[in-house]
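Please look over the sequence and the structure shown below, and then follow the explanation through them step by step.

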Amino acid sequence: MEKLRIVFMGTPNFAVGILDTILKNNYTVLGVITAPDKPAGRGQKINTSAVKDYALEKGLNILQPINLKDETFLGELKSLDANCQVVVAFRMLPEVVWKMPKLGTFNLHASLLPNYRGAAPINWAIINGETTTGVTTFFIDDKIDTGAIILSAETPIEPTENVGQLHDRLMVLGSQTVVETLAAIENGTVQTTLQTDSPEIKTAYKLNRDNCKIDWTKSGEKIFNLIRGLSPYPVAWCLILDEGQEWNVKIYEATFEKEVHSFAEGTVISTKKEMKIAVSDGFIHILSIQFPGKKKMSTQELLNGMKFSASAMAL
């Protein structure tokens with residue numbers, strides 16, 4: 001049994017939960033590698049990663065390399081003398097980095113690999129209407145999310161759960177799985193399973209403006225899954241056109257009602273209390289929405305000060 005000396009790599013809030021659990025289980029973290037600070041927003045205020053903020057709070061050694069192959073960074077990393085590296089929501093590592101520690105470098109991925117390799121596994125599991133998902137730890141190799149699997153843990157996806165809610169549950173499940181993985185590595189009891197490829201494997205493509213846009217010609221269930229799979233971030237969007245005015249709106253929360261009707265797809269139907277949009281097999285009831293230059297609001301708040309005509313359409 002060899003006591004672990006860990007370097008942790010990660011950037012977003014999801015990774016913070018894992019790092020916190022590692023420390024609470026009394027593992028030694030020699031250093032934290034995270035994204036460089038960068039200016040963001042209109043004021044170009046310097047933005048630091050969630051992992052950096054946490055590491056500063058805990059007094060951990062922090063490295064923020066721009067280039068992971070930079071000789072100065074590699075020298076600093078080697079001098080830490082870690083025997084294990086843990087990666088959560090970071091970037092692709094060069095071989096010189098992931099091969100450095102004696103006991104290996106493993107990654108936590110928020111899906112049941114080999115399905116949903118890629119940048120947005122939690123989102124795509126919901127968007128595609130999956131009823132189960134999970135987390136996987138695996139030893140990193142020279143491709144993205146393809147290494148030998150160490151452990152995996154499964155959880156159901158609730159029918160109305162959004163990506164923010166699932167994210168938080170997977171962070172807890174992932175924390176437990178990482179600690180179990182560390183124990184197996186420390187005890188020398190790790191057993192791995194090679195991933196097998198097949199044409200049926202689903203991919204977690206990077207989210208962009210195009211694949212976050214609502215297509216009102218799709219079924220109500222697919223639209224509903226897209227909305228909850230993108231809420232609260234990056235949020236599904238569409239255009240609403242009404243009497244020559246066009247708004248780019250974000251839809252945060254909705255429900256789907258299956259119903260036979262004669263409205264054209266995309267027709268906006270509103271009263272003083274509700275707003276719904278016709279789809280081929282029913283209606284998407286809008287519960288929470290954001291108009292340009294406005295804050296996110298409930299539909300009832302919106303309808304207190306706004307009225308749609310009978311010709312309003314979602315595009």
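**A walk through the predicted model**

A second, separate core of 36 residues includes Y116, A120, V249 and L302. As for the largest nonpolar core, it has 37 residues, and those touching the most other members are F8, I22, V86 and L182. Helix α6, spanning residues 163–187, supplies the largest share of this core, with eight residues. In soluble globular proteins, nonpolar side chains tend to be buried together.

The strands can be followed next. Strand β1 (residues 5–10) and strand β2 (residues 28–33) run parallel and are joined by five bridges, and within this pairing M9 stands opposite I33 of β2. To pass from β1 to β2, the chain goes through helix α1 (residues 13–24), making a β-α-β crossover that is right-handed. Strand β2 also pairs in the parallel sense with strand β5 (residues 62–63), over two bridges, where the bridge partner of V32 is I62 in β5.

A last stop is T133, a residue of strand β9, which covers residues 132–139. Because its relative accessibility is 4%, T133 counts as buried, the cut-off being under 20%. Not counting residues up to four places away in sequence, T133 touches A110, S111, L112, A125, A153, E154, T155, I157, L166 and L170.

Terms used. Residues numbered from 1 in each chain as written. Predicted model: local features only at pLDDT ≥ 70, side-chain atom pairs only at ≥ 80, totals over all residues. Heavy atoms only, no water. Core = buried A, V, L, I, M, F, W, Y, C linked by side-chain atoms within 4.5 Å. Buried < 20%, exposed > 50% of the residue type's maximum accessible area, 1.4 Å probe, protein only. Helix = DSSP H or I, 4+ residues; strand = E, 2+ residues; numbered from the N terminus. Contact = heavy atoms within 4.5 Å. Pairing = 2+ DSSP bridges. Right-handed = clockwise from strand over helix to strand, strands pointing away.
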